[in-house]
Amino acid sequence: MIAAEVCDLGMRFGRPPAAIHALDGVSLRVHRGQVLGLVGESGSGKSTLGRCLLRLLRPTSGSVMVDGQEITDWPERRLRPLRANMTMVFQDPWSALNPRMSIRRLIEEPLKLHRPLSAPTRRTEAERLAELVHLSRAQLDRTPSELSGGQLQRVCIARAVATKPTLIVLDEPTSSLDLSVRAGILDLLHEIRTQTGAAMVFITHDLATMRLIADRVAVLYLGQVLEEGPVADVMGAPAHPYTQALLSAHLSAEPGVRPDRIRLTGEIPSPVNRPSGCPFQTRCPLVEPRCRSARPPMLDAGPAHRAACVRIAEAANRIAA
Amino acid sequence: MTLLSVRGLHTHFVTRDALDQVRTAHVLNGVSFNVQAGRILGLVGESGAGKSLTMTSVLGLLRPPARVVAGEALFQGRDLLRLSQSEMARLRGNRIGFVVQSPKASLDPLARIGEQLVRVQRAHRSISRRAGQERAEAMLAAVGIPDARRRLRAWPHEFSGGMAQRAVIAMALINEPELLVADEPTTALDVTVQAQILDLLAAQVRERGIGAILITHDLGVVAQYCDDIAVMFAGSVVEHGRTAAVLTRPMHPCTQALLASTPERFHFGTGPRLAGPPPDLFNLPKGCLYRERCPRAEAVCQDVPPMFGDAAQSAACHFVTAGACV
């Protein structure tokens, strides 16, 4: 069952000639119980896509469907009851929580807004949620300043699942946390995913984390999806030259594991002056004249695995390291 | 050859609480490590372990209420911790180069790149502006900035993050230091750019035969770029050795937990995880500082602080004997 879907989504900030095309022709879907990973470097549009999905932003073109309803142009008032169905966890738990509220009030807040519970039931439900994210009863009476970053992120996750949403967008939920704390949060997300059956959109720049948590993955670059498919296929046999370069730039924590590195020169072009044609043409070692003339279509690179590179048709899309 | 030898470094924060009682936070508790010429030492640990503070202590960049209270840091036969402010200022940026996490914050926004590279040189040696500009151009080219002559006239805001970090590395190297300290030099950069910058740093260290300290929380950076590693916890080094040896056969339970948390070795729902709060630095427990989190802790850990052995790889743990893992 499709939990959310975007079609030909575009998001433009500002006006020409200084307009930034944060998203351009993005089409993706995520099913119930599935984790869709969005990877990309800074400026690739992954956070903008997450925000458009939840209609925290109104896209400038294309459509957004959540739970079978097209919500692209819904006004905020109409979206409000739907907010219980689609929630978000942010990167920085310190700024996501009101520092003056107790943890109990913070967890009860979404319940109060969206679920008609009596005060005692709500209290019990908050305690159940705290238990779900492995917070102690005593911690419920603390304020955010008394908790660690990992514990605060648990509070954010409890708030995000409180209303039993069908879609949860997690924007770099582990990036601001220490390695060991991160491991605990990943454990928790894994549990929650099996228990709630919600669809998750997991935004990260960390490929190793992505490999652990996602079922499907979409690789973004300059606001476009360059590759999409099952995580094992995309990570195991990346079809797009950019994905190949991105994967080979990952530094393994295993000594001696050093894949032949594909060295890219230069950096991501500014989203104001995007090249026409393939967005990756300025750094691609396989670039040809036809890459500059038209935007490459998504071609099949395997079962349920597609990538936007013209060379896939001739099976000439591998970069020799 | 040992270039820098830090021994028993203790740094305290002396503060007053609401009742005006003096409170002392023991933020560094006897940090010891060596840096060899021509090699890169990775200083790793979680946030708050004292990695950056170790280097600011050694480089004389501490500000009150932080204060070095004991230890030594021998560099070219001199104890850096006993130098005056002005003696230290003559070494920093000259014999010791320093690269920090945010390249944009370490460049003067109101001076052209070339001018900044000339300033660093003229602060430490008598050189004409013209000669300084020429050396600056050569240095920018050496760190992989294309069209270096024209870039001398660029302003910092015209540089991308990766380019700015290259310029900062050029500034750190232009006086041909013997030691380079880089504090999370690539944390603010994208992965495809991170590899470019680390390749550059490593190549410069090898070419010039200088020693380097790379502070990072990323074990991937250590595994791929550092020759040696020192793992920090609660203001002290708990394990040190050759990188390949420590990462394949970690001795200290802290190193083991850290490695088990890396995505490469991670399995859902299985430990060991570093858990619980770090020790209270205001009331430092006696014995092993790691014992609250340690699955192996026994009575001896309550009372006796563990000591390092002399082996090439060694860990401050009571249960490590003659190179065996815990």
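Which residues point one way from S3(A), and which point the other way? Keep that in mind for the first close-up; all of these views come from a predicted model.

**View 1. Strand S3 of chain A sits inside the structure.** Here is the strand made of residues 35-39 of chain A. Val35(A), Gly37(A) and Val39(A) face one way, Leu36(A) and Leu38(A) face the other way, and all are buried. Since five of the five residues of S3(A) are buried, the strand is largely enclosed by the rest of the structure. S3(A) pairs with strand S8 (residues 199-204) of chain A in the parallel sense, over five bridges. Look for Val35(A) here: Met200(A) in S8(A) stands opposite. S3(A) also runs parallel to S9(A), and four bridges join the two. In that pairing, Leu38(A) has Ala218(A) of S9(A) as its bridge partner.

**View 2. Four strands of chain A make an open sheet.** Reading across, the order is S2-S1-S4-S5, and the pairing is antiparallel. Which strands are the edge strands? They are strand S2 (20-31) and strand S5 (69-70) of chain A, and each of them pairs on one side only. Helix H1 (residues 46-53) of chain A packs on this sheet, where it touches S1, S2 and strand S4 (61-66) of chain A. The direction of H1 makes about 120° with that of S1(A). Zoom in on strand S1 (residues 2-13) of chain A and you'll find eight bridges to S2(A), in the antiparallel sense.

**View 3. Helix H10 of chain A is mostly covered.** How many of the nine residues of this helix (residues 241-249) are buried? Eight of them are. The buried residues include Tyr242(A), Leu246(A) and Ala249(A). Who are the neighbours? Within chain A, the buried residues of H10(A) pack against helix H8 (207-213), strand S9 (216-221), strand S10 (224-230) and helix H9 (231-236).

**View 4. Chain A meets chain B.** The contact takes 30 residues from chain A and 31 residues from chain B. On the chain A side, helix H7 (179-196), H8 and H10 each supply at least two residues. Which helix gives the most to that side? That's H7(A), with eight residues. Sorted by class, the side of chain A that touches chain B has 12 nonpolar, nine polar and nine charged residues.

**View 5. Two helices of chain B cross.** Now for helix H4 (residues 113-124) and helix H5 (residues 129-142) of chain B, whose axes come within 9 Å and cross at roughly 115°. That is why H4(B) and H5(B) count as roughly perpendicular to each other. The crossing is right-handed. From H4(B), the residues taking part include Leu117(B) and Val118(B), and H5(B) brings Ala136(B) and Met139(B), among others. The residues of this contact divide into four nonpolar, four polar and three charged.

**View 6. Pro295 of chain B lies in a loop.** You'll find Pro295(B) between helix H11 (253-260) and helix H12 (299-303) of chain B. Is Pro295(B) buried or exposed? Pro295(B) counts as exposed, because it has 11 C-beta neighbours inside 10 Å, and the cut-off for exposed is 12 or fewer. For a sense of distance, the C-alpha atoms of Pro295(B) and Thr187(B) are separated by 31 Å, and the two residues are 108 residues apart along the chain.

Technical notes. Residues are numbered from 1 along each chain as its sequence is written. Chains are lettered from A and ligands numbered from 1 in the order in which they are written. This is a predicted model: local features need pLDDT of at least 70, side-chain atom pairs count only at pLDDT 80 or more; totals for chains, interfaces and linings use all residues. A residue is buried if 20 or more other C-beta atoms lie within 10 Å of its own, exposed if 12 or fewer, and partly exposed in between; C-beta atoms are placed from the backbone. Axes are lines fitted to C-alpha atoms, for helices over the stretch in contact, and angles run from 0 to 180 degrees between N-to-C directions. Angles under 35 degrees count as roughly parallel, over 145 as roughly antiparallel, 65 to 115 as roughly perpendicular and the rest as oblique. A crossing is left-handed if the near helix is turned anticlockwise from the far one by less than a right angle, and right-handed if clockwise. Two residues are in contact if their C-beta atoms, placed from the backbone, lie within 7 Å. Ala, Val, Leu, Ile, Met, Phe, Trp, Tyr, Cys and Pro count as nonpolar, Asp, Glu, Lys and Arg as charged, and the others, Gly among them, as polar. Two strands pair if DSSP finds at least two bridges between them.
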